[in-house]
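The exercises below are meant to be worked through with the sequence and the structure in view. Try each task before reading its solution.

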Amino acid sequence: GVQTCALPILQWSTFLGGAHDDLPHSLICNSNDELIVLGTTSSGNFPVTSNAFDNSFNGGGNFAPFGVGVQYTNGSDIVIAKLNVNGNTLEASTFVGGTGNDGVNTAAGLKFNYADEFRGEIDLDANDNVYVVSSTFSMNFPTLNAIQSSIGGLQDACVFQLSSDLSQLNWSTYLGGSDDDSGFSLAEDNDGNIFV
């Protein structure tokens, strides 16, 4: 007989952003099926919640990656947002960044594939704490319990962990040397060690 396939049904859909360009980079669902989004924004009015780790946009320099159609007119900050299981409530949202561009790979020597500017990843531990790896050009990126507390040179990778409600920075570090470095992906092993 003829087999039929059920068409996918849209469960929910929403906008998430402010007055300027905003871009999602990585997504994951936590143990409650809430969606956690890692992205970047050039919007000072990106929606953040009252309990956010950082509710202020710090910006950076104008950056328009070639051939992508995005322009960070006001610079860029990392944003992390948590939406409820139905997608109709922004449960938590925060900026993370310093006064340089954060969340985008601006180093020409580290771009080999389409959209390498936007590599970065979000992951969760067993308690739904949020891990992020990305890139920063900020000399004042927020660090805490860091293995490297200052930027190594030009652009560095950054690795950090936020509490599950995005209200607290648990730890954060630069990761890089004297030239350009970028963070693209991460994973956690069974013992809780982080590999970047």
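**Exercise 1: a pair of strands and its sheet**

In this predicted model, Val133 has Val159 in β7 as its bridge partner.
Task: Find how many bridges join β6 to β7, and state the order of the strands in their sheet.

Solution. Begin with the two strands themselves: β6 covers residues 130-136 and β7 covers residues 156-162, and the two run antiparallel, joined by seven bridges. Then widen the view to the open sheet, in which four strands follow the order β5-β6-β7-β8 with antiparallel pairing. Each of the edge strands, β5 (121-124) and β8, has a single partner strand, so one side of each is left without a neighbour in the sheet. From one strand to the next, the twist averages 15°.

**Exercise 2: a residue of an edge strand**

Task: Decide whether Leu175 is buried, partly exposed or exposed.

Solution. First locate Leu175, which belongs to strand β8 (residues 169-175). Its relative accessible area is 34%, and because partly exposed covers the range between under 20% for buried and over 50% for exposed, Leu175 counts as partly exposed. Finally, look at the surface, where Leu175 forms a nonpolar patch with Ile147 and Val196, with about 300 Å² of accessible area together.

**Exercise 3: the sheet that holds β1**

Task: Identify which strands stand at the edges of the open sheet that contains β1.

Solution. Write down the order, β1-β2-β3-β4, in which the pairing is antiparallel. The edges are β1 (22-29) and β4 (90-96), each with a single partner strand.

Terms used. Residues are numbered from 1 along each chain as its sequence is written. This is a predicted model: local features need pLDDT of at least 70, side-chain atom pairs count only at pLDDT 80 or more; totals for chains, interfaces and linings use all residues. Side-chain values use heavy atoms; hydrogens and water are left out. Patches are made of residues with over 30% relative accessible area and no salt bridge: like charges are joined within 9 Å, nonpolar side chains (Val, Leu, Ile, Met, Phe, Trp, Tyr) within 5 Å. Accessible areas come from the Shrake-Rupley method with a 1.4 Å probe; for residues, only the protein chains shown count as cover. A salt bridge is a side-chain nitrogen of Lys or Arg within 4 Å of a carboxyl oxygen of Asp or Glu. Buried means under 20% relative accessible area, exposed over 50%, partly exposed in between (1.4 Å probe, protein chains only). Two strands pair if DSSP finds at least two bridges between them. Axes are lines fitted to C-alpha atoms, for helices over the stretch in contact, and angles run from 0 to 180 degrees between N-to-C directions.
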